[in-house]
Protein chains: 2
Amino acid sequence: MKRYQALAEELARSIRTGLLKPGDRLPSVRHASASRGISPATVFEAYYLLEARGLVQARPRSGYYVSSTPPPALPAEPETASQPDGQSRPVEISERVFQVLESTMHRDVVPLGSAFPSPLYFPLDKLGRALAASATALDPWSTVDDLTPGNAELRRQIALRYLIDGVQVDPREIVISNGAMEALNLCLSALTRPGDTVAVESPCFYAALQALEQHGLHALEVATDPREGIDLAALETAIERHRPAACWLMTNFQNPLGSAMGADKKRALAELLARRQLPLIEDDVYAELYFGARPAPTRAFDREGWVLHCSSFSKALAPGYRIGWVSSPRYARQLARQKLISTLATCVPAQAALARYLERGTYDRHLQHLRRSLQHNQGQYTDAIARYFPAGTRVSRPGGGYFLWLELPGGIDTLALQRRAADAGISLAPGPLFSASRGFRHCLRLNYGHPFDARAEVALKTLGQWLTE
Amino acid sequence: MKRYQALAEELARSIRTGLLKPGDRLPSVRHASASRGISPATVFEAYYLLEARGLVQARPRSGYYVSSTPPPALPAEPETASQPDGQSRPVEISERVFQVLESTMHRDVVPLGSAFPSPLYFPLDKLGRALAASATALDPWSTVDDLTPGNAELRRQIALRYLIDGVQVDPREIVISNGAMEALNLCLSALTRPGDTVAVESPCFYAALQALEQHGLHALEVATDPREGIDLAALETAIERHRPAACWLMTNFQNPLGSAMGADKKRALAELLARRQLPLIEDDVYAELYFGARPAPTRAFDREGWVLHCSSFSKALAPGYRIGWVSSPRYARQLARQKLISTLATCVPAQAALARYLERGTYDRHLQHLRRSLQHNQGQYTDAIARYFPAGTRVSRPGGGYFLWLELPGGIDTLALQRRAADAGISLAPGPLFSASRGFRHCLRLNYGHPFDARAEVALKTLGQWLTE
């Protein structure tokens, strides 16, 4: 977060808490600049930003004042856990997902429906230098040795990051993959056969549903709390009734809900898995994007090796490098074999580059910046929704990641909204993409992983107008 | 091929054809050096090499003489087309393939069973510089734009290479993949459902069989001529009887046979596909490694879009980069969707690096060197087999690629031979890996994609001794 953003954020908070009241004058630019030791230009930028957000107004030759209209109250969060029908069913969603996504995959579309954060948040220049250094010093034999399970130093660096959460991972348990998506597919290949059932959250990430469909699997959607994640009692009932071959959960900042399971709940989940001898595919790609305390994975509580922990660097460090992994003591060998059959190996110089960056680079400093930017964005997008969207709209307040989950009031059909928005150059991810049973028609997933600029504001304002009509 | 190798090759040919006879004196080093304009050291190197191969003998203070034992005659080639039983059957081979391969995947093993050529034959330093340049100049948005179907310039460069064969390919028909292996799997996903039958050559590459097994498909092995590839009449009969969902063929320098279909045969195959409305997965990863005339793919004769042409840069330019592709006007969109579900995308900086190398680099010059090296190796390995292996051994003489196919005489069991060789640090690829019906027990695939050094010679000599026992 830049200085002007930090200042704007601080003032916005003061306005929201009532410390600054409507009509109050902000400190003069000269005063704020002197007292904080920042340049007048920085103060101006902060004030412009607050003005753009409608929180303050400029009065000619007088200064900036808190707007007389009070800032919008933060909208309520979704509260009710989902109530799927408890059926296990074949998945037929891929066609719809592609129709929605393909119409909006362009750089000039407002990326509210995107699954990616802005590439501008990542240290692509530093990574590029690491890649340049590794590429020109590449040992030719590494093109054979690093194929699968992958570059030894990269696997060691990943194991070291597990240690931060107190998880002991042997690098030999790690298989490097072409992004998390391949890791997750490798798990499905290792654990399931066509016709099997897999338990998932409700709602759940559409790519998980597409993967189930591709593998000929049935989805069993389980009740999920919008803040605390899957309902373990409901999961246990579902396991008894349907004997799934695996479950696939996002325990941290779930896509789309943003829900996160607490440590106690993860421990209870690990016990449930052991009791039921049920493998968990833990899709944990957002774990590094926390705003509060660092969340451990369920893997941390897994004594018997039932958790196959999948993640990647695509969301936290290196978009486009396509480096992910799965770690599992129990299934590592099988996963490596699956990998040999499906794509043989992962780009060797890219693996070496990430190993080098993790060893010598400034990953943690980058992550701090990234987390602050995303948290900052969350506030701005939430404010805009509060301002423009109809009363009764509920918005999640996730503790990490970059997705908001919106429950819209009235009989709103987000599939229709998505089509209208696509025509206007705005991408949206409507609720029905996140369920094999086509629920969540009044819901939207909204990406706040891009800077809140004028384009985003106009898009949200437009959507709000349509929804209010 | 280096100068001394070229000179040695020329002299070896003269000896084999009888131009130089046993007891003949080679030109003196000084004379050869002067008449050819090469250094005496180069001539010495060539003579040493011929001596190491047993073709010439040094007589102290006199010079080099053609050995009195005549050079081994080139062994006969395999001649009989395979005769599979015409059944379509589920594939259960993966476990066996892994057992054989995993025991021998180490740098210190003699790589006679390897599927890869030596990494030392590739311009990894030049590629590294291209990667360094692309990585440090990477447009952040390319990490979104280049995901799937892939980097536009790379697809344009690939389309330009198709033009060399007179094939008009629209870059939009090309989907970049994580190596050819993913491309082939994408084709299977797009064309088949579990339980379907796929027609393949007999023998055929074990990874194809593993892919069929992974997709729950049946393999229909079709009679294949060791020089001219699949028997089209047998293929048509098989199609009539079993209605396969696709066929999967390696039309150029087939792995393991080395067979190559002529242009007329490819044209006839394309007509057959159109007549039967049958898609062909054309696995063409060795096409650039020809020693004679450049072979066109079946895709060149395909008027109706039944050929899905798969290839990669892994065998010809950039091992370890994991960049492959599939080109198909009819299925491109479906293939791109499959790719999004399976691995989402291919490493973006690696794509940019290859695009840059192809645009500015010296690909064709590199290919000329590589082809000459491989052809040179073929002669050396074949000579050694002629010298050390039992009479009656038949050896293929492929016009490209880097595999020899050996038919061994008597009741030799190459699975047992492979186990013994593994214990002695020699990897082998025994015949039964190449067939779902476990045939070819007396056959071996032998990699000549590594320089013929003392280690390779000792390994072949040892194998020959065991086989002669």
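This is a predicted model: local features need pLDDT of at least 70, side-chain atom pairs count only at pLDDT 80 or more; totals for chains, interfaces and linings use all residues.
**Stop 1**

Where does chain A come closest to the rotation axis? Select A:Ala132.

**Stop 1: the interface between the chains**

Now select the residues where the chains touch. In chain A, 51 residues are in contact with 51 residues of chain B. Of the interface residues of chain A, 100% are also interface residues in chain B, so the copies meet through the same surface.

The size of an interface is often given as the accessible area lost when the parts come together. Here chain A and chain B bury about 4,600 Å² between them. Carbon and sulfur atoms give 66% of that area.

Which residues of chain A lose the most area to chain B? Select A:Arg107, A:Arg337 and A:Ile341. Together they make up 15% of what that side buries.

The interface of chain A and chain B has 2 salt bridges. It also has 14 residue pairs in polar contact, counting pairs with both residues at pLDDT 80 or more.

**Stop 2: the domains of chain A**

Domain 1 covers 3-66. Domain 2 is made of 91-119 and 365-468. Domain 3 covers 124-362.

Look at domain 1 and domain 2 of chain A. Their C-alpha centres lie 29 Å apart. The contact takes 6 residues from domain 1 and 7 residues from domain 2.

About 610 Å² is buried between these two domains, with 37% of it from carbon and sulfur atoms. On the domain 1 side, select A:Gln5, A:Glu9 and A:Arg53. They lose the most area to domain 2, together 66% of what that side buries. How many salt bridges link domain 1 and domain 2 of chain A? The count is 0. The rule does find 1 residue pair in polar contact there, with both residues at pLDDT 80 or more.

**Stop 3: the nonpolar core**

Bring chain B back. In soluble globular proteins, nonpolar side chains tend to be buried together. The largest nonpolar core here has 285 residues. A:Phe313, A:Leu460 and B:Phe313 touch the most other members.

Finish on A:Phe313. Leaving aside neighbours within four places in sequence, A:Phe313 has contacts that include A:Leu154, A:Ile158, A:Trp325 and A:Tyr363.

Methods. Residues are numbered from 1 along each chain as its sequence is written. Chains are lettered from A and ligands numbered from 1 in the order in which they are written. Side-chain values use heavy atoms; hydrogens and water are left out. Contact means heavy atoms within 4.5 Å. A nonpolar core is a set of buried Ala, Val, Leu, Ile, Met, Phe, Trp, Tyr and Cys residues joined through side-chain atoms within 4.5 Å. Buried means under 20% relative accessible area, exposed over 50%, partly exposed in between (1.4 Å probe, protein chains only). Domain bounds come from an automatic or database domain assignment. Buried area is the accessible area (1.4 Å probe) that two parts lose on being put together, summed over both. A salt bridge is a side-chain nitrogen of Lys or Arg within 4 Å of a carboxyl oxygen of Asp or Glu. A polar contact is a pair of N or O atoms within 3.5 Å; within protein, one must be able to donate a hydrogen and the other to accept it, and residues adjacent in sequence count only if both atoms are side-chain atoms.
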